[in-house]
Amino acid sequence: MLILTCPYCGVAADETELAAGGEAHLKRFGPGASDDELHGYLFSRENPKGVHLERWRHASGCGKWFHAARCTATLEVFGTYSAQVSGPPQEIRDAISAKRPGWSWREFS
Ligand SMILES: [Zn+2]
């Protein structure tokens, strides 16, 4: 079972208490974006077997959105962090690199 620690209230919640929100760190495009940019934003998603950065909501707890870095193959969690940042914090990146040397995910590594 997937267990994530909410970075806001500190509760270790199992997946039945959480709501998945899809891929984290999507770059949004507004008016004036090209068709390719808008298509990528609407339809292109990472689907790795390995390190993935995701959005989750602590639905049965504080209700806040947060980000999680985890492995989709093993369910190993590298850490959770605020949804108010544009990329994973350095300590999360270091935790991933320690277990998965050479990892990359979109522009992060
Ligand atoms: Zn919470």
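**Contacts, sheet and core of the predicted chain**

His-58 is in contact with Cys-6, Cys-9, Ala-13, Glu-17, Leu-18, Gly-63, Lys-64 and Phe-66, leaving out residues up to four places away in sequence; two residues are taken to be in contact if their C-beta atoms, placed from the backbone, lie within 7 Å. The model is a predicted one, in which local features need pLDDT of at least 70 and side-chain atom pairs count only at pLDDT 80 or more, while totals for chains, interfaces and linings use all residues. Residues are numbered from 1 along each chain as its sequence is written.

His-58 is located in the loop between strand 4 and strand 5. Helices (H or I, at least four residues) and strands (E, at least two) are DSSP runs, numbered from the N terminus. The residue is classed as buried because 22 other C-beta atoms lie within 10 Å. The classification counts other C-beta atoms, placed from the backbone, within 10 Å of a residue's own: buried stands for 20 or more, exposed for 12 or fewer, and partly exposed for values in between. Between His-58 and Leu-75, which are 17 residues apart in sequence, the C-alpha to C-alpha distance is 18 Å.

The protein chain contains 2 helices and 6 strands, and its elements follow the order β-β-β-α-β-β-β-α from the N terminus on. Its C-alpha atoms fill a box of roughly 40 × 35 × 25 Å along the principal axes. Of the 109 residues, 18% count as buried. Among contacts with a separation of 6 or more, 48% are accounted for by residues 24 or more positions apart.

Four strands form an open sheet in the order 3-4-5-6, with antiparallel pairing; two strands pair if DSSP finds at least two bridges between them. Strand 3 (19–23) and strand 6 (77–82) are the edge strands, each pairing on one side only. On average, neighbouring strands of the sheet are turned by 30° against each other, direction ignored; axes are lines fitted to C-alpha atoms, for helices over the stretch in contact, and angles run from 0 to 180 degrees between N-to-C directions. In general, strands of a sheet pair through backbone hydrogen bonds, either parallel or antiparallel.

Strand 4 (residues 51–57) and strand 5 (residues 65–71) run antiparallel and are joined by 7 bridges. Within strand 5, Arg-70 stands opposite His-52, and Ala-69 is the bridge partner of Leu-53. Strand 5 is also joined to strand 6 by 5 bridges, again in an antiparallel arrangement, with Ala-68 opposite Thr-80 of strand 6. These two strands form a hairpin with 5 residues between them, and Leu-75 in the turn has a positive phi of about 65°. Strand 5 is largely enclosed by the rest of the structure, because 5 of its 7 residues are buried. Helix 2 (residues 90–99) lies across strand 4, strand 5 and strand 6, and runs at about 170° to strand 6.

The largest nonpolar core has 15 residues, and those with the most contacts inside it are Leu-4, Trp-56, Ala-68, Ala-69 and Ile-96. Strand 4, strand 5 and helix 2 each supply at least two residues of this core. A nonpolar core denotes a set of buried Ala, Val, Leu, Ile, Met, Phe, Trp, Tyr and Cys residues joined through C-beta atoms within 7 Å. Leu-4 touches Ala-13, Leu-18, Trp-56, Ala-68, Val-77 and Thr-80, not counting residues up to four places away in sequence.

Thr-5 lies in strand 1 (residues 3–5) and counts as partly exposed because it has 16 C-beta neighbours inside 10 Å. Beyond four places in sequence, Thr-5 touches Gly-10, Ala-12 and Thr-80. Thr-5 and Arg-57, 52 residues apart in sequence, are 11 Å apart in space, C-alpha to C-alpha.

Apart from neighbours within four places in sequence, Trp-103 is in contact with Val-51, Ile-96, Ser-97 and Ser-109. A separation of 29 Å is found between the C-alpha atoms of Trp-103 and Cys-9, which are 94 residues apart along the chain.
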